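Open the structure in your viewer and keep the sequence beside it. The tour goes from the whole chain to single residues.

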Amino acid sequence: MSIGTGIALFVIGAILAFAVNVEIDWVNLDLVGYIFMGAGALVFVIGLILLARRRKTNTVTHTSVDPNSGQQTTRGTTSSTDDAAGL
C-alpha cells in the first residue's frame, strides 16, 4: 500500500508542479507540487525497504540425541513473515 501511495503522491505533485498554471495569492502550487513529489519518492523508497524486510525467512535446526533410544533427532522450524495479510 505504501508503494502505491508514494506513486500517487509523486503523480499528484508532478501534476501540480508542471501541468497546473493557476495563480493563487496565498499558496505557490509549484512548491506544493515539488513537496508532494519529494514525499512520494520518500514513501516509495520506505515501502520498498519494508517490503524487502518482510520477505525474510528464518530457519532454525536443532539436533539432539534421544537419551532413551540413543537415536539422533533433528527438529527444524521455519518462520516466514511473507503472508497474505502482510503482517
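The stops below say what to select and what is there.

This is a predicted model, in which local features need pLDDT of at least 70 and side-chain atom pairs count only at pLDDT 80 or more, while totals for chains, interfaces and linings use all residues. Residues are numbered from 1 along each chain as its sequence is written, and side-chain values use heavy atoms, with hydrogens and water left out.

Start with the whole protein, shown as a cartoon. Two helices and two strands make up its secondary structure, in the order α-α-β-β along the sequence. Helices (H or I, at least four residues) and strands (E, at least two) are DSSP runs, numbered from the N terminus.

Next, show the surface. The protein exposes about 6,900 Å², and 62% of this comes from carbon and sulfur atoms; the areas are from the Shrake-Rupley method with a 1.4 Å probe, and for residues only the protein chains shown count as cover. Of the 87 residues, 10% count as buried. Buried means under 20% relative accessible area, exposed over 50%, and partly exposed in between (1.4 Å probe, protein chains only).

Now select Thr-5, in helix H1 (residues 2–19).

Finally, select Phe-36 in helix H2. Phe-36 counts as partly exposed because its relative accessibility is 31%.
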